[in-house]
Amino acid sequence: MPRKGMRSLCFSPETPLFQGSVSPSSSITSPASGFSESMIEQIIDTAAIIVAKWDGETSLYAKVTSMFYESKREAMHFIRSVNDLRKIMHFLVSGQDSGSENLIRAQRLMQIAMKRLQKEFYQILSMNRAHLDPESVSTRSSRTSTQSSLSDYDYDASPDYEIGSAKESISEVEEVSFMAMSDLKSIADCMICSGYAKECVQIYNMIRKSIINEGIYKLGIEKVSSSKIKKMEWDVLNLKIKDWLEAMKISMRTLFTGERILCDFVFSSSDSIRESCFSEITREGAVLLFEFPEVVAKVKKSSPERIFRLLGMYTAISDNWPEIETIFSFESISAVRSQALNSMARLSESVRLLLLDFESMIQKDSSKTIVPGGGIHPLTIYSMNYLTALAHYGNILTDIISDWPPPAISSLPEISFYSPVSNESPAAPISDRISRLILVLLCKLDSKAKYYKDVAVSYLFLANNLQYVISRIHKSNLHSLLSKEWITKHEVKVNRLATSYERFAWGNVLASLPANPTAPMKPAEAKECFRKFSISFEDAYWKQISCVVPNSMLRDQIKVSIGRKLVAVYQNFFDSHKSTIGDEKSITLFVRFYPEDVGNYLSD
């Protein structure tokens, strides 16, 4: 049985029982049969020499000097001697020789050696804080595979060869990080197998957790309550969200990634230890990081623009979810994954509510302001700015809306603008939601058009605003969220509205001319037609000259359409009946507008 107070020891079956601490000429029995008495004493004597040299209790030199910094070769020799010592102790204990002087001596040397290695472990971690910061470690990993270049580090090879090989794959700046990680691993492996895992882990957790906590603090991540968020002005909260988005990027790219790489490498010999260490070091900071979006999402702020910050936070977590699952894969740190999912769920809920708020805001808009000339209504501009900004988050919105019940159309007035989108399309839920919001806008515009006293201008108002909606759709990601059928149908609607405008605006002018402009007519009838045309044209002109058509294509379309219908008919009438009313003087008296004048006026 092991001696009371003695540490439990562990061994790797791939490692030889002896690694060169005794000369080849020594009488050695085979590993299967054990060690000879002389070999045991020689191994212990060899270990005693180097352990005593680096005993800080008896040597001032050892007290003020770092073994790993002073001589890497000697440090590796120290590690090998301790490993050999451990194997001797295992042999003696297994041979029921737990009371032998050699075992007692070996145990005393092991305690001194472990104390020395604890000090070296602490010094390497402390003195290399800058070189073992997560950014340096993660950068190192991104350049070369950690598994191939670090975990294959051969401590039995020549130190010069090791350093030379390292220089081939990493820069001079990264070399210090590489060597520090390798030294930490060699110490950790030795202490864990020697039964001193607890002491090793305590030192590691203490120093590394302070680095992670410091990093979180510098990134501006702090515990914040819902009540505190409620009291914040939007500008202040907006700034905090911006800081969080940047912190999220840095944390996932370097802080937690680098710590996971370092932890996995240093404690690669024990899955349970690397899990417990990483969990202890990062759990608090990671939960704090992923908790912030949930707290923000819980607070009900009425501003619809808030949705974009929530979508930004949702995107940040969603885009990093594969990395979150990989970095925080341990079951002991599942709280981090759960917190990230909770935040996404809460953000989804808030985004849906804000979409409903936006819809309600449009429906409740009670402004009776008439836009001069039937131009673009401010509500249309605001709504389309909002929707085009939403379209940038098309994929994210699709995720959020995918399981949201489809919108009910029955609550809206019957209007032909709405075009259902096939649910067979993968983007159908988001398409339905966007098309509904546009429908709500168009219904509201339809009600506002009634404030115009001139019916023609009300149709022009609807045509202008619907054309603006379609133009913004074509120039943004909205075109990929709405079906071609939907867009085509509304383009046809614009043409119908423009035609209605032409009919009401210029219908009286066309009605003043005979159905057959070239049919024979008495002079008095011709004079009366010219008079009616002049009056109706002038009246229509002065009414319509104040109208606006911001879209150049629609404007040209209307001009061409009116010109084709009006100028051509009037030209035929004029050519056929100008001689009917008399000489040039009579023409000047009864004809106020020549065909070319009509064309010029229409071009205005």
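The side chains of Lys565 and Glu502 form a salt bridge, with 2.9 Å from N to O. A salt bridge here is a side-chain nitrogen of Lys or Arg within 4 Å of a carboxyl oxygen of Asp or Glu. This pair links distant parts of the chain, since Lys565 sits in helix H24 (residues 552-577) and Glu502 in helix H22 (residues 484-511), 63 residues apart. Helices (H or I, at least four residues) are DSSP runs, numbered from the N terminus. Glu502 is buried, at 7% relative accessible area, whereas Lys565 is partly exposed, at 34%. Buried means under 20% relative accessible area, exposed over 50%, and partly exposed in between (1.4 Å probe, protein chains only).

The model is predicted: local features need pLDDT of at least 70, side-chain atom pairs count only at pLDDT 80 or more, and totals for chains, interfaces and linings use all residues. Residues are numbered from 1 along each chain as its sequence is written, and side-chain values use heavy atoms, with hydrogens and water left out.

In helix H10 (residues 197-218), Glu214 and Lys218 are four residues apart, about one turn of the helix. Their closest N and O atoms are 3.0 Å apart, in a salt bridge. Lys218 counts as exposed because its relative accessibility is 64%, while Glu214, at 35%, counts as partly exposed.

Helix H16 (residues 334-363) holds Glu349 and Arg346, three residues apart. The closest N and O atoms of their salt bridge are 3.9 Å apart. Glu349 is partly exposed at 40% relative accessibility, and Arg346 is partly exposed at 26%.

Salt bridges can also join into a network, as they do among Arg260, Asp264, Asp271 and Arg274. The structure holds 26 salt bridges.

Note on methods. Helices (H or I, at least four residues) and strands (E, at least two) are DSSP runs, numbered from the N terminus.
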